[in-house]
Amino acid sequence: MSETPVSPARSSPSTSLLGHLRAELSQHMPFSAMKPEHVDEFLAAASQLYFAPNEVVLDPSSGPVQALLYVRRGSVSGRRGVADTTGPIEYVAGDLFPVGALLASRAVTATYTTNEDSFCLRLPAAAVQALVLKSAPFADFLNGRVLSFLELSRRATQAAFASQTLAEQSLETRLADLPPKTPLSCAPGTPLAEALSTMHERRVGSMLVLGEQGQVLGILTRHDILGRVTLPQRPLSTPISDVMSQPVQTLDVQHRLSDAAMLMSRHGLRHVPVLREGRVVNILSERDLFAMQRLSLKQLGASLRSAPDEATLVMLAGRIREFARNLLGQGVHARQLTELVSHLNDLLAERLVELVAARQGLDLSRACWLAFGSEGRSEQTVATDQDNGLVFDSDDAERDRPVWLAFGREVNEALDRAGYPLCKGGVMAGNPACCHTPAEWADRIGRWIEHGAPQDLLDASIYFDLRPVAGHLALAAPLQRLIAQAPARVPRFLKQMADNSLRRGVPLNWRGGLDPTEEGAHAWIDLKLQGTAIFVDAARLYALAHGLDVQGTRARLEAAAPLMGAAEREADSWVASFEFLQMLRLQLQLGHRGPLPGPDDNPNRIDVKQLNDIDRRLLKESLRAARHLQQRLQLDYQR
């Protein structure tokens, strides 16, 4: 480095350079989404700068930011100031900075220094403002960097899987956007003769019963008639209110088709009324929802519930993965997709538990099958091993335990044959460490909370998301309450959980760039251990700290953020980053980048060299959000 500072040389791009620059910019967001004339306007107003290695580009003494910089070649790192709390960040070719300072008309709070010979395009603030008014993609990008990348990545994923999809209608569609359909309805005093005659004439399978204010009181479906009218020999003069089903499961217009699919599958419904401000505006039938699909969620759910044997369940497990591929092709978000996969896996496990219990002559009213970890949070991806346990009621645990252990082992082995590998850490119902009476479980969890060493709590964290799946579900309730009450009973519990969470390193280097594990021609990052697990740990801790009775990482982050004093935009970036990492895991596991990895491979390890530009940038942004969340934990629990 020369002892004499070198000032950046400035020159406007030549005409011959414009065509090359236009093609170069169009490979990156937001330019790839902008109209060509708006990209040209950016270039026309820009000037080119050169910075020598280790040269300061911007620092707090530079005053209010006067321009937006676009990195063409080389890289720039921001550190010191705010970067000490959020970590350094590296800007590489295709990045724009400093967006926040420019939009706020303030000085930067970090020092930006080049790492190598670097070329940038400089767009004055006035030109930025003019372009924002003309180009919505440019404005949206500046106002929501992570969310903009996330949407573009989701669209690319949808396009990649579109040829596999079985439905034209995306399950992400809001119910408000569906074609309106006036539901058939009547008053509660309507005679059966009139209601059934109208249903027959209109060729519909249901009749809603509405109150005077348009509220839903009940529903009568064609499938209800045999059991409620014909067999009991009800006179046709009977008011429909005497035979209608109530209460009625409903959805709001802001829900999505995925919510309707889940509701129908969970409750075995064929019709779901859609409300706006409490009044019925549409009705969705199972036929409507899956008219374009050969593989229906409700049909798959029904098949799982009624499977006659293990061989059928093994076959249906493959159909669950096929169904997940189809949903990915429809553009379904990670949250809905993992919820649906977890729901179907629950049904499979529940039916398997029933079949094995029946074969062994066991009474499931005396035991409950428990799900831990990602299944407990309803966040299972496709390549997932088993995390389960058993709580059994007994007045002589040592006498009855061998029977329940044998039962647990048989279910574990059957799940393994269905494609859910045995847990390498032994967290399974067939392991004596995971098969206890309620009192034994309470004692074990209590010891972790009150006396557990850091490693004990790290190993035990998977149990803190426990959820009952099959059998006598009420047996799990005292254990869930015990965990929820832990922060109030043992204040150091939260600090130890924070200490454990902070043991997970974020794969970013000192400059803020990706820091994968190099292995030959590959550069690996574990999307679970080095990514989603960081969000999971923090969300669980903050939910417990604030007494939030919510399951799922997204729901926990959204509920905890206001109580933590986090800005809405900051919380949105946490959620978006977690869901991007989940989606990347699903893409990897569903074969987008090769076949489903075998049990001896790591289904969450991705080669960042194989990622496209958008996903690689968003991966870096998501990991920065993870690091920021960890730094919040440090401030809250390690001061």
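Modeller: A residue is called buried when its relative accessible area is under 20%, and exposed when that area is over 50%. The model shown here is a predicted one. With that cut-off, Arg-72 counts as buried, because its relative accessible area is 9%. Arg-72 belongs to strand S3, which spans residues 67-73. Apart from neighbours within four places in sequence, the residues in contact with Arg-72 are His-20, Leu-21, Glu-24, Gln-48, Ala-93, Phe-119, Cys-120 and Leu-121.

In helix H2, residues 36-45, the buried residues are His-38, Val-39, Phe-42 and Leu-43. These residues lie on the same side of H2, because they cover an arc of only 145 degrees around the axis. An α-helix has 3.6 residues a turn, so residues three or four places apart point the same way. On the face of H2 turned away from the buried side are the exposed residues Pro-36 and Ala-44.

The packing of helices comes next. Two packed helices are described by the angle between their axes and the distance between the axes. Helix H14, residues 334-360, packs with helix H16, residues 397-417, at an angle of about 135 degrees, and their axes are 10 Å apart. H14 is therefore oblique to H16. The crossing of these two helices, H14 and H16, is right-handed. From H14, the residues Leu-348, Leu-352, Val-353, Val-356, Ala-357, Arg-359 and Gln-360 take part in the contact. They meet Val-403, Ala-406, Phe-407, Glu-410, Val-411, Ala-414 and Leu-415 of H16. Sorted by class, the contact of H14 with H16 has 11 nonpolar residues, one polar residue and two charged residues.

A further pair is formed by helix H10, residues 257-267, and helix H12, residues 297-305, whose axes cross at roughly 25 degrees and come within 9 Å. H10 is therefore roughly parallel to H12. The crossing of H10 with H12 is right-handed. On the H10 side, the contact is made by Ala-261, Met-262, Met-264, Ser-265 and Arg-266, and on the H12 side by Leu-297, Lys-298, Gly-301 and Arg-305. By class, the contact of H10 with H12 comprises four nonpolar, two polar and three charged residues.

Technical notes. Residues numbered from 1 in each chain as written. Predicted model: local features only at pLDDT ≥ 70, side-chain atom pairs only at ≥ 80, totals over all residues. Heavy atoms only, no water. Axes fitted to C-alpha atoms, helices over the stretch in contact; angles between N-to-C directions. Helix = DSSP H or I, 4+ residues; strand = E, 2+ residues; numbered from the N terminus. Parallel < 35°, antiparallel > 145°, perpendicular 65-115°, else oblique. Left-handed = near helix turned anticlockwise from the far one by under 90°. Contact = heavy atoms within 4.5 Å. Nonpolar A, V, L, I, M, F, W, Y, C, P; charged D, E, K, R; others polar. Buried < 20%, exposed > 50% of the residue type's maximum accessible area, 1.4 Å probe, protein only. Arc of directions from axis to C-beta.
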